[in-house]
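Hi,

Here is the structure I promised to pass on. Have a look at it first, and then read my notes below.

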Amino acid sequence: MSTELPWHAAYPAPRSAAPSISREELLQWIREGKQAGKDFVLVDLRRTDYEGGTIQGSLNLPAQSLYPTIPTLYSLVSNSSVKYVIWYCGSSGGRGTRAGGWFSDYLEDQHDIEVKSLVLTGGIKGWVAAGPEYTSLMTGYDPSVWTSKSS
């Protein structure tokens, strides 16, 4: 019997944990007029489970191919007005925290104290579960995908 290593085994474990941002805080930012792509970058890390919609303005950068692209993402962010990169996946318990940690590590290696790496608490599942106030801010929202998923 062969045991396949998880996809992230090919990369170093994050040295640090990125702080989190609650969906309520992100919603407040949006209400205050902060914009994805200008003030913050939202990164949806889902690949095979990328369905049912995404938060408006999100980039889809699957976690499985993210690590080697971090320097490029950093270059884009650091040459813009963006001050926060917010990571999420299904529940932000695995891919989200790992990506947030990797980016935090990279920021530290660059001695960058201006840009912050944050993980969206609860991920896209938590966002959807919070109701219409949140799902109205999604692109491609398909309620049938979410009602068929077990909680």
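The UniProt annotation "domain: Rhodanese", from an unreviewed entry, covers residues 36-136. UniProt positions are given in the numbering used here, feature names are shortened, and annotations may be inferred rather than shown by experiment. Over residues 36-136 the chain is 35% helix and 19% strand, with the end C-alpha atoms 15 Å apart. Helices (H or I, at least four residues) and strands (E, at least two) are DSSP runs, numbered from the N terminus.

Before the details, the ground rules. This is a predicted model, where local features need pLDDT of at least 70 and side-chain atom pairs count only at pLDDT 80 or more, while totals for chains, interfaces and linings use all residues. Residues are numbered from 1 along each chain as its sequence is written, and side-chain values use heavy atoms, with hydrogens and water left out.

Now the sheet. It is open, with 5 strands in the order E1-E6-E5-E2-E4 and parallel pairing; two strands pair if DSSP finds at least two bridges between them. The edge strands are E1 and E4 (59-60), each pairing on one side only.

Val85 has Ser117 as its bridge partner in E6, and Trp87 stands opposite Val119.

E5, helix H3 (residues 95-109) and E6 make a right-handed β-α-β unit. Right-handed here means that, with the strands pointing away from the viewer, the path from the first strand over the helix to the second runs clockwise.

Which residues of helix H2 (residues 70-78) are buried? They are Ile70, Leu73, Tyr74 and Val77. Strand E2 (40-44), E5 and H3 are among the elements covering the buried residues of H2.

Arg46 lies in the loop between E2 and strand E3 (54-55), and is buried at a relative accessible area of 1%. Leaving aside neighbours within four places in sequence, Arg46 is in contact (heavy atoms within 4.5 Å) with residues including Glu51, Asn60, Cys89, Arg95 and Trp146. A polar atom of the Arg46 side chain lies 3.4 Å from the backbone oxygen of Asp49.

Ser16 lies in the segment before E1 and counts as partly exposed, at 25% relative accessibility. The C-alpha atoms of Ser16 and Arg98 are separated by 9.2 Å, although the two are 82 residues apart along the chain. Beyond the neighbours within four places in sequence, Ser16 is in contact with Gly101, Ser104 and Asp105. The side chains of Ser16 and Asp105 make a polar contact at 2.6 Å. A polar contact is a pair of N or O atoms within 3.5 Å; within protein, one must be able to donate a hydrogen and the other to accept it, and residues adjacent in sequence count only if both atoms are side-chain atoms.

Cheers

Definitions and conventions:
Buried means under 20% relative accessible area, exposed over 50%, partly exposed in between (1.4 Å probe, protein chains only).
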